Amino acid sequence: MIGGGAMLAMSLATRGDAAATDAGRRYSSRTIDIVHESMVIDMLGPLKLNLNPKSYSTRLSARDEADFRASGITGFHHSAGIGGPDAHEGALAFFASWGNFVARNGHLLCAIDKAADLSRAKKDGKCAVIMGLQNSDHFQNPSDVEYFYGIGQRVSQLTYNSQNRLGSGSTDRVDGGVSDFGVQIIREMNRVGMLIDVSHCGDRTTLDAIELSPKPIAITHSNCRAIVDHPRLKTDEAIRALAKKGGVMGITGVRSFVSSTEPTTIRNVADHVEHVAKITGIEHVGIGTDSDLNGYDDLPAEMNRQMRAAYKDSYQLRDKIDVDGFDHPRKIYDLTEELLRRKWARTDIQAVLGGNFQRLLAATWGG
């Protein structure tokens, strides 16, 4: 199994005519060159979907390391949705445990401070870990923003799926928009240089945040409601407003967010990429897979059951959660091949794979 990852890694270096993976997939030399030469950033790519590092060794296995190296991805936004009355303590534990995990695997992983660290990681052949949270419940007061920035947080989603003190979530029946407290948190995030994310926010809260933030913000992982009618997805109004302020939207590979009919394949993912590019311009779309390298469908049955139970019925999760062709460590190569089939220019593909998010992160973080 390790041999498959090694084979692809070798082909990246040699740029042969085609590369085969352990799953029997083959990629053109053009695809390999594009991924190899691009800054690839997954703006919602947890290192593990099982977010408890105590559940496995604090050292990556040889197989996991081979998959990370063969994925073609440099930047992984590692993030979780932590909310409720114990959110502050939960967030502290999250950053402590995963910071330790990154340090223990320093031969492969490195933490991010400024945007220049992404380029340094790619040059060194490492994977850069962007620490974030998919909820801002842990901010008990505005001064917490600077504190959590100081311990490594670089991205914070304002709300998860439900109402918190900042605003409303995408599955709330009523969306009251960004609260007075939310206005304070947005102001502080802009001041310290922490990227604002509205992926799970309700429609009104999303538009409010875009308007309130003087700096561009992100939708790190969502899709287009014009293609799939789902409350977790974004309207064209929101996508255009995000782009008008200079923001970037990452396209996700969660099956029920990609297509309402079967089959659901990599082609459907590319449809969302093209839709954002069509209504805003190529510079405002990227990738946020919302999955680790192997996907949800590979989770142990009990963990899969618990994960599904955490979401409302409005999420419309199907028997399979991952997208065909976008459910394995080399999925970025598959997306690149699909965009090439659609006659996309090399520079446009590179922008989608990570160039657009790299620009946004540099504008937000500096460096």
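In the predicted model, aspartate 290 has a relative accessibility of 9% and therefore counts as buried, the cut-off being under 20%. Aspartate 290 lies in the loop that connects strand 11 (285-287) to helix 12 (301-309). Its phi is near 65°, a positive value in a residue other than glycine.

A positive phi, of about 70°, is also found at lysine 343, again not a glycine. Lysine 343 is placed in the loop between helix 13 (331-341) and helix 14 (346-365). With a relative accessibility of 74%, lysine 343 counts as exposed, because the threshold for that class is over 50%.

The peptide bond between glutamate 262 and proline 263 is cis, with omega about 0°. Proline 263 belongs to the loop between helix 10 (255-258) and helix 11.

Helix 11 (residues 266-280) packs with helix 9 (residues 236-244): their axes come within 10 Å and cross at roughly 60°. Helix 9 is therefore oblique to helix 11. The crossing of the two helices is right-handed. On the helix 9 side, Asp236, Ile239, Arg240 and Ala243 are in contact with His275, Val276, Ile279 and Thr280 of helix 11. By class, this contact comprises four nonpolar, two polar and two charged residues.

The largest nonpolar core holds 72 residues, of which Leu47, Leu109 and Leu158 touch the most other members. Beyond its neighbours within four places in sequence, leucine 47 contacts Phe68, Phe76, His78, Trp98, Phe101, Val102, Leu109, Val129 and Asp292. Another core, of 18 residues, lies apart from the largest one and includes Ala115, Val155, Ala218 and Val248.

Notes: Residues are numbered from 1 along each chain as its sequence is written. This is a predicted model: local features need pLDDT of at least 70, side-chain atom pairs count only at pLDDT 80 or more; totals for chains, interfaces and linings use all residues. Side-chain values use heavy atoms; hydrogens and water are left out. Axes are lines fitted to C-alpha atoms, for helices over the stretch in contact, and angles run from 0 to 180 degrees between N-to-C directions. Helices (H or I, at least four residues) and strands (E, at least two) are DSSP runs, numbered from the N terminus. Angles under 35 degrees count as roughly parallel, over 145 as roughly antiparallel, 65 to 115 as roughly perpendicular and the rest as oblique. A crossing is left-handed if the near helix is turned anticlockwise from the far one by less than a right angle, and right-handed if clockwise. Contact means heavy atoms within 4.5 Å. Ala, Val, Leu, Ile, Met, Phe, Trp, Tyr, Cys and Pro count as nonpolar, Asp, Glu, Lys and Arg as charged, and the others, Gly among them, as polar. A nonpolar core is a set of buried Ala, Val, Leu, Ile, Met, Phe, Trp, Tyr and Cys residues joined through side-chain atoms within 4.5 Å. Buried means under 20% relative accessible area, exposed over 50%, partly exposed in between (1.4 Å probe, protein chains only).
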